[in-house]
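Take a look at the protein shown here. Follow the chain with your eye before you read on.

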Amino acid sequence: MPPRPNQPHRPLPTMTADTLVIADFGPRGPRGPRHPGGRGGPDGRGGPGGPRDRRGPRTPGPYRRLLATPGARAFTIGNLLARLPMGMFSVSAVVMIAGTRGSYALAGAVTAAGLGATAVVAPWIARLVDRYGQARIAVPATLLAALGSLALLLCVRLGAPAWTLFVSYAATATTPNLGGMSRARWAYLLDGDEKALHVANSFEQAADEACFMLGPVLAAFLCGTFFPEAGTLAGVTLLVTGALLFAAQRSTEPPPWTPPHPDPHPEPARTRSRPASPRTPLRTPALRPLLTICLAMGAVFGSMEVVTIGFADGQGHRAAAGVVLGLQAAGSCAAGLVYGAVHRQGSVEDRHVWCIAAMTALLTLPLLAAALTGSLLVLACALLVAGMATAPTMVTGMTLVQRHTPPGRLNEGMTLAVTGLLGGIACGSAAGGWTVEHVSPVAGYGVPVTAAAAALMIALVTHRVTLRPAESSNRFT
């Protein structure tokens, strides 16, 4: 019989056959008896004071807590499917065009034209997304971009004139900024939680790097194993499927910005403090140097891609170019996940400058590896290390873009940053392709180093002048 509530519990001895049993009916904790000497006590394994109790319940990691946000996993899955082709299309186009036309300069020029068209069209698409919502704009824009990719495939397949390649690839410019829309959803769901938003930005950057790590590998494998157009076909399928799944998640979609109703009693012009509607991000002084830095950073990525493909082709291993580029993205992905989980020190502006400086220094490794060894394996290792500064640089850059973008224009602000990257990729692809064809692939690795050094100089010059905390927070209205 167990003791009464007001009485101290005592063990109850009893006999079963020839065995003495001591039954304890005392209160127990979640893992065992609470009295000293039991299995749950200090000498046991499960109760208060024991090793398991001292360790306590395991705290979820920052990324697990992030994905536990209601609706986060659903839109993340669709978004990742749609973003994976972003690392496939350019590699597939280069392999497809260079393989049939025998010119890396033409392949680089075509991809540059498409990215240049995206730099013009993407901000307009993002402005429509802010105004009318993600689902209403992203789906038709994605379908139109998919038709452009299919048109490029047919033009290459049928041997159409070179100008048709430029027109077809330029039609893909309507591809919406899916990464920016995902970041906008995180900003909407985590409004006011700077720590969680830092984790979300790191996660999104790691996702970008994972897509650019797996995308080139998948594209090179499909184009080399089956037929040159296989990478483009697979990319179109993934893009359309992922965009439809992402757009279907309406519960996490940020509300579109609606212009305020006109005030029947407006304030006099002299006393009005600020405009009623959000200004365009391009008119924000602190955002302009960030967009210029994005332009230089894009030149790093675009030139590195074309130069690496040309270097691998010169070594007789063109199919391995996707794997080599994937290692660079792997280093960036791992660094991005670590950067999101570690404790941050200093201001975002200071960290941004230091990250660009580290990236500039590490990009000299591929140049040295190609010049001193000429080995594709050594180059791959150098790219793996060099990529580790990419994600932290992009995370701090995107954080500053979000901070300085006016409220109600978050999609447009982040798309302008991506547009700067794409414009830089276009210039870097053209410069890298020209250098590979007219100088050498080894000399081509000097292009990304030069572009990174230019980004560092811009950051150092403008850091103390314009990169100051924003006047207002990014709250959705």
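The paragraphs below go from the whole chain to single contacts.

This is a predicted model, in which local features need pLDDT of at least 70, side-chain atom pairs count only at pLDDT 80 or more, and totals for chains, interfaces and linings use all residues. Residues are numbered from 1 along each chain as its sequence is written, and side-chain values use heavy atoms, with hydrogens and water left out.

Start with the whole protein. It has 19 helices and two strands. Both kinds of element are DSSP runs, numbered from the N terminus: helices are H or I with at least four residues, strands are E with at least two. The protein has 477 residues, and 51% of them count as buried. Buried means under 20% relative accessible area, exposed means over 50%, and partly exposed lies in between (1.4 Å probe, protein chains only). Now consider contacts, meaning heavy atoms within 4.5 Å. Among those between residues at least 6 apart in sequence, 78% join residues at least 24 apart.

Next come the charged pairs. Side chains of opposite charge can pair when their charged atoms come close. A salt bridge here is a side-chain nitrogen of Lys or Arg within 4 Å of a carboxyl oxygen of Asp or Glu. How many salt bridges does this rule give? The count is six.

Look at Arg 83. One of its partners is Glu 204, with the closest N and O atoms 2.5 Å apart. Arg 83 sits in helix H3 (residues 72–83) and Glu 204 in helix H9 (residues 194–225), so-called distant parts of the chain, 121 residues apart. Both Arg 83 and Glu 204 are buried. Arg 83 also forms a salt bridge with Asp 208, again with 2.5 Å from N to O. Asp 208 is in helix H9 too, and this pair is 125 residues apart. Asp 208 is buried, as is Arg 83.

Now find Glu 229 and Arg 157. Their side chains meet in a salt bridge of 3.2 Å, N to O. Glu 229 lies in the loop between H9 and helix H10 (230–248), and Arg 157 lies in helix H6 (residues 134–158), so the pair ties together parts that are 72 residues apart in sequence. Are the two partners buried or exposed? Glu 229 counts as buried, at 4% relative accessibility. Arg 157 is exposed, with a relative accessible area of 56%. Elsewhere, salt bridges that share partners join Arg 83, Arg 183, Glu 204 and Asp 208 into one network.

Helices also pack against each other. The axes of H6 and H10 come within 10 Å and cross at roughly 175°. Axes are lines fitted to C-alpha atoms, for helices over the stretch in contact, and angles run from 0 to 180 degrees between N-to-C directions. Angles under 35 degrees count as roughly parallel, over 145 as roughly antiparallel, 65 to 115 as roughly perpendicular and the rest as oblique. H6 and H10 are therefore roughly antiparallel to each other. Residues of H6 in this contact include Val 139, Leu 143 and Leu 150, and those of H10 include Val 236, Leu 239 and Phe 246. The contact of H6 with H10 has 14 nonpolar residues, four polar and no charged. Ala, Val, Leu, Ile, Met, Phe, Trp, Tyr, Cys and Pro count as nonpolar, Asp, Glu, Lys and Arg as charged, and the others, Gly among them, as polar.

Compare helix H13 (residues 348–362) and helix H14 (residues 364–372). Their axes come within 4 Å and cross at roughly 0°. That makes H13 roughly parallel to H14. Thr 360, Ala 361 and Leu 362 of H13 make the contact with Thr 364, Leu 365 and Pro 366 of H14.

Finish with some single residues. Thr 415 is in helix H17 (residues 410–438). Thr 415 is buried, with a relative accessible area of 3%. Its side chain makes a polar contact with the side chain of Asn 177, at 3.3 Å. A polar contact is a pair of N or O atoms within 3.5 Å; within protein, one must be able to donate a hydrogen and the other to accept it, and residues adjacent in sequence count only if both atoms are side-chain atoms. Thr 435 is in helix H17 as well. Its side chain reaches the backbone oxygen of Ala 431 at 2.7 Å.
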